[in-house]
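Colleague: I would like to learn how to read backbone and core features in a model of this kind. Could we go through them one at a time?

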Amino acid sequence: MIKKWLLKLGFVLALLPLQAQALLTIEITGGSDAALPIAIVPFGSEGLKAPEDITKIIRNDLESSGRFAPLDEQDLVSRPSEQSQVNFADWRLLRSEGLVIGKISSQDGENFQVQFQLFDVYRGQQLAGKRYQVPASGLRALGHQIADLIYETLTGEKGIFSTRLAFVTQVTAGDGKKRFALQISDADGANPRTVLQSTQPIMSPAWAPDGNQLAYVSFENGKSEVYVQQLQSGQRKSVASFEGINSAPSWSPDGRKLALTLSRNGNPEVYVLELASGDLIRVTNNAQAIDTEAVWSPDSKDIYFTSDRGGRPQIYRVSANGGRAERVSFEGNYNASPDISPDGRKLTMVHGANGRFYIAVQDLKTGAMQVLTESGRAESPSFAPNGQMILYATEQKGSGVLAAVSVDGRIHQRLSESGIVVREPAWSPLKK
Amino acid sequence: MKHSIVQTFLAGGASTVLHVLLFLLLIFSFDMPTEIRQFGQPEVEIVQATVMDEELVLEEMARLQEAEDSKRAAEEERQQKLDEQLEKSQQELARQEQELLDMQERAKLEAEKRKQEAEQEQQRLKQEAEKEQQRLKELEQQRVEQEEARKQAELERQKAEEAKQQAEAERKAAEEAKQKAEAERLAAEKAREEAEAKRKAEEEARRKAEEEAKRQAEEEAKRKAEEEAKRKAEEEAKRKAEEEAKRKAAEEAKRKAEEDARRQAEADLQRQLEAEQAEREGRRVRGVVDEYSQIIQQRVKRFWNKPANADRGLEVTLRIRTLPGGDVGEVTIVKSSGNAIFDRSAESAVYKSSPLPLPSDAKAAAEFKSFNFVFRPE
């Protein structure tokens, strides 16, 4: 009986495989590397009109990152400025994952109330939303700030739109004399302001970790000197004016020391200068070679630098306390101007090949090197504080421009218009 | 086997005892013939040994008895003859003595008479007698002397006769002794023979007993062998019977099984046909499902904006419910990747892919009512 019953059961079960089987599973790998579609609705305006198009700032920031593909304005199906006006089904039809709406209002034209909301279109959920009150002068910065927030919410990475760039410009005046300027701009290259002008060369600006000071090299006294300048007050101080070369400053992660290149003992060597005491520690000691362009590892333990001790310039690493240096770069016969990513995993540098110079990135763990740029005149790479982009200077049509490339080489940006020579850029840390 | 060894040993022991006893009997039979039986009798084993074939022994004993009897009879006859001869010679001796006595009597009477005559003559003839006497005397003397001589001769003859008789008696005695010795010898011989016979009988008995024991042992062995053979045969038969029964049972079972199998096969065939039908249907459905899975996969892939910084190890499993027509009704995270942005990108990809292309076939479409997506960066 039982056997028969079991047979029947087995028979019944045999007929049920479609129902009894595990659920159908479809595997999705790869996906699209395309930028994320996002709808940024022009903020509704009440009262007096704002002097800055904050929506445009946000839109440009997100688009320039290469990660987002904002819908064209004419494609927007509606222009809600409040949640109650949002019909998510409309936005779903546009395949837009994110929807940004906002309002800006001002009674007096001086102070502005700004609010924004970021929605997950498919879930109909708000992902981020804030209200601000800013003066008119702060609208641009607020736009970058909102862009940072959207970026971080949707990518999980810190936005870098509120960071700044430092760089040196060089113009030749009508009298034929060259004028050098140390300038700071927004991360998008906009809003440049000069912090130092000189008829003598200015070189190697370096951001202090607090984002409030710059160290740089000035030849204003006819010789190279290293200065540290407070950005807000403009106060500055020469910290290294030893005999011979004083160059290539780099801030330690705690902001208390500078690594720099001095030839006070005859040969350019890397030293560490304690700013408060002025104490010097010699880090390299190789009379046959030039050791320069020092940069700290994020954990403060090591210093990476360029040296031609092997005959050709290569990147080396040495303990911040000095000692034996080890070679880090091996591909090609020219690698110089190192910078280390904020997570300490990547090294970017100028990679020379066949007389041309490219921005390359090397995985410090595997040693694998990847060339990121195509034009052959790149110099001075500098990691963005989120580690996703690399800022560098290059030459375009005879003049220097600022450009950025994502660490995977997919996204390329040009940050400044040509017309002036722009060199030696440095990306600021995140705003504290 | 152990038992029979013990028996053999016992039999051997018994025969040894028997031998010893017989030896003793032989020894003692010469010196103390009368004690033979007393010595032989108490031994029970002997009796028991002979009991094994009492008839044979009895026969033998009868034969022995008979032989003994005839011997005894012959001996008695011979003895009787000897006795008769002895009596005859004695009678002859007595008769001769009587004759001797008679002669002596007659001689005496003669002498008496002659004396009287002589006296009468003497008187009558006294003168003459005297003269004659003288002569007579002389004659007498002479006669006496002669008589004396005759007497002496007679005596000597008698004496010789007596010696002769004595010798004869002695001879007879010697003869008798000889006969007696002969008789004794015969008796001894007879006893010896008897002992021998007995020994032989016993030997025979022992041999027979041994033979019997051997025979019995052999018989026992044979019996045992037979029993063993029989037992084996029985076992074999039993085994064969069992095997046969088993074989039959197996055959029966096989037959039944075949019967069942045949029935089962028919049922199976029916089921198989149904199953094949179902299988074909299943294959067809699976084919459609696979096809649409790929279409859906391509579509979702296209709509998935994978986060640029997604770590390789991330993996999220989503459960999808579709509405008729392919619209994505519900998306739930079955197993999160641990990265909210990655999870959300996958969810959005599914939503963005809505409506999903679904097969028109109802069975295949059923597969897509609820199913899973697994998203991996690469």
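Colleague: In which strand of chain A does A:Ser204 lie?

Modeller: Bearing in mind that this is a predicted model, A:Ser204 lies in strand S11 of chain A, which covers residues 202-207. Its phi is positive, about 55°, although A:Ser204 is not a glycine.

Colleague: Is A:Ser204 buried or exposed?

Modeller: The cut-off for buried is under 20% relative accessible area, and A:Ser204 counts as buried because its relative accessibility is 18%.

Colleague: What is the phi of A:Ser337, and where is this residue placed?

Modeller: A:Ser337, again not a glycine, has a positive phi of about 55°, and its place is in strand S23 of chain A, residues 335-340. With a relative accessible area of 17%, A:Ser337 is buried.

Colleague: Which residues does a cis peptide bond join in chain B?

Modeller: The bond joins B:Ser354 and B:Pro355, with omega about 0°, and B:Pro355 lies in the loop between H6 and helix H7 (362-367) of that chain.

Colleague: How should I approach the nonpolar core?

Modeller: In soluble globular proteins, nonpolar side chains tend to be buried together. Here the largest nonpolar core has 39 residues, of which A:Leu99, B:Leu318, B:Phe373 and B:Phe375 touch the most other members. Elements giving two or more residues to this core include strand S5 (98-106) of chain A and helix H5 (126-303) of chain B.

Colleague: Which residues does A:Leu99 touch, leaving aside those up to four places away in sequence?

Modeller: Among them are A:Val41, A:Trp91, A:Leu118 and A:Phe119.

Technical notes. Residues numbered from 1 in each chain as written. Chains lettered and ligands numbered in written order. Predicted model: local features only at pLDDT ≥ 70, side-chain atom pairs only at ≥ 80, totals over all residues. Heavy atoms only, no water. Core = buried A, V, L, I, M, F, W, Y, C linked by side-chain atoms within 4.5 Å. Buried < 20%, exposed > 50% of the residue type's maximum accessible area, 1.4 Å probe, protein only. Helix = DSSP H or I, 4+ residues; strand = E, 2+ residues; numbered from the N terminus. Contact = heavy atoms within 4.5 Å.
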